[in-house]
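Work through the exercises below with the model open. Each task is followed by a stepwise solution.

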Amino acid sequence: MKARSGWKIALTVLISAVAILPIYITIIVSVKPQTDLSSFWVPPPAIFLDNFAGAFVIGRLATAFMNTTIITAGSAALVVLLSAMAAYPLARHRSRLNAAVTTFMLSILMVPGLSLLVPLYVVLVKIRGISTYWGIVLIHVTFNLPLAIFLYLNFIRAVPRDFDEAALIDGSSVYAVFARIILPLLKPVTVSVIILCGVAVWNDYQFSLYFLQSPPMRVITLAISSFFAVSGGNTHMAAAAAVVSIVPITILYVALQKYFVQGVLDSALK
Amino acid sequence: MYLPALGLFLVFVVYPFFEGIRIAFTNWNGFSQHFKYVGLTNFSVLAGDRNVRTALLNTLLYGFGSTFFQQVLGLAYALLLNQEFKGRTVGRTITYLPVLISAVIMGYMWYFVLQYDGALNDVIALFGGKKVLWLSRAGTAISLIVAINTLQYLGVSMIIYLAGLQNIPQMYYEAAVLDGAGAWRRFRGVTLPLLYPAILTSVTINLIGGLKLFDVIRALTGGGPGYATHSLATLLNATYFGSQRAGYAAAIGVLLFVTIFAFTVLTQAVSRRREIQY
């Protein structure tokens, strides 16, 4: 058995290596001075950290990190709140109206936000939401809500109704039942919603590119792309910025791996 | 309690949807107060626009190309990782990591591999070959974009298939072995049909992701050389912000919407017809 698993290990190593090859190359580039013309494969004799300092100063990475954190946290919190609130009555009260509302909300899963770019821009200009935290947060929340509602609907439908009814008979209001009985039960699916929505918002480039045009509002993806967009710019500094940008999500992923995987599986569940 | 969510959908999806169709019938430039309704002009120009035709074809190549390779490689990799051997958990962890990295940053990282003085050309030079401008020929650039997108999201199909494989009861395989079925027959007769729901989910997710591909293209080629590697999504962006043709960009948006919507509905329809019960 042992002897025969050799090729499996070799193949797994090969696939994993190709998958993270660009990360390795980028790390090597980031720790070399721009004057070092050696191959991107070869680590430098001494690690050069000035690129990182430069990336923070010139790329204003600290501001970008702060903006991204605020937007991600705000969006995730609102998505959890609004989708759990929406899913509860839709899962519990089966009326024709609620069935129609559910179908409508889930069908938005199929609407690519990007195809609405021009009119969305017009709407955001009208309500003065361009280059504001709340403007981009509302856009992110809208396009992350359908999946979150889908996840909560599936989950709440699996919670026995007797739980709510017992509490209602005890004289609790619907809101109290939701807050005290349903909400605590939703913890596992809430973790999935936060991870899926958080990753999507943290990594967003398209919406941010359009709706966050003023430089002080730049998020990480925009800060990095501006490094690369300037021709003749310092590519080693750009590499350092790219490395810094993937550190938080990598640490979170390694620490909370099973929740990340569960998130995908929840969203793939039919 | 669903009213806040409903309100957001009305303001940021339903209203823009109809507003987008209205703008597509105008010659609006995106900022002026003045514009005219031009009827179907934008759509008739669209139908004859070579750049749009290229972008539509590329969109389908990106969508179906990535989806095809993601299924074949994702399933093969899941079958491998479904077996007992040392290091399979680590393999799964590493392969899934790129999924969590922003596609635009991943694209820039690949640029260090593909640029003229990059890592790939170093290997070619090492073996005495001539350095290649990887991204300056349309065909090569499109294939590389498909490959990079496939590789980045391989982890998604791998995880879905791995979960699907672990849900197949072992007794079906035991029964098949008793019937004398070989490895290929077991795969065709047991694994594949029971994996059908997983295949469908994975195809739908990958297809939608591939059809609206934007970030990698922006990072690697910006749609060039010329207009050769544009997808509908990047062309829409270039038309709106690059050439200030908001009316025309809105028409491209309608085309993008119809393309993605049509294929999503199609996969769903196929799935309803072929549910398999054991």
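Predicted model: local features only at pLDDT ≥ 70, side-chain atom pairs only at ≥ 80, totals over all residues.

Residues are numbered from 1 along each chain as its sequence is written, chains are lettered from A in the order in which they are written, and side-chain values use heavy atoms, without hydrogens and water.

**Exercise 1.** Find the cavities of 30 Å³ or more and describe the lining of the largest cavity.

Step 1. A volume is the space filled by probe spheres set on the points.

Step 2. Search the whole structure: two cavities turn up. The largest has a volume of about 70 Å³.

Step 3. List its lining. Both chains take part, with Trp202(A), Ser245(A), Ile249(A), Leu100(B) and Ile105(B) among the residues. α12(A) gives the largest share, three residues.

Step 4. Sort by class: seven nonpolar, four polar and no charged residues. Here Asp, Glu, Lys and Arg count as charged, Ala, Val, Leu, Ile, Met, Phe, Trp, Tyr, Cys and Pro as nonpolar, and the others, Gly among them, as polar.

**Exercise 2.** Describe the second largest cavity.

Step 1. Its volume is about 40 Å³.

Step 2. The lining includes Thr68(A), His140(A), Trp202(A) and Asp204(A). α3(A) gives the most, with three residues.

Step 3. The classes are four nonpolar, four polar and one charged.

**Exercise 3.** Characterise the second largest pocket.

Step 1. A pocket is an open set with protein on both sides within 12 Å along at least five of seven lines. This one has a volume of about 440 Å³.

Step 2. Of its 16 lining residues, Leu79(B), Asn82(B), Gln83(B), Tyr173(B) and Thr191(B) lie nearest the centre.

Step 3. α10(B) contributes the most, four residues. The lining has eight nonpolar, five polar and three charged residues.

**Exercise 4.** Check the span of α13(A) and find its buried residues.

Step 1. The helix, a DSSP run of H or I with at least four residues, has twelve residues and reaches 17 Å, close to the 16 Å expected at 1.5 Å a residue. The expected span is 1.5 Å times one less than the number of residues.

Step 2. Buried means under 20% relative accessible area with a 1.4 Å probe, protein chains only. Phe260(A), Val261(A) and Val264(A) are among the buried residues.

Conventions:
1 Å grid on protein atoms, 1.4 Å probe; cavity = no way out; pocket = protein on both sides within 12 Å on 5 of 7 lines; lining within 4 Å. Helix = DSSP H or I, 4+ residues; strand = E, 2+ residues; numbered from the N terminus. Buried < 20%, exposed > 50% of the residue type's maximum accessible area, 1.4 Å probe, protein only.
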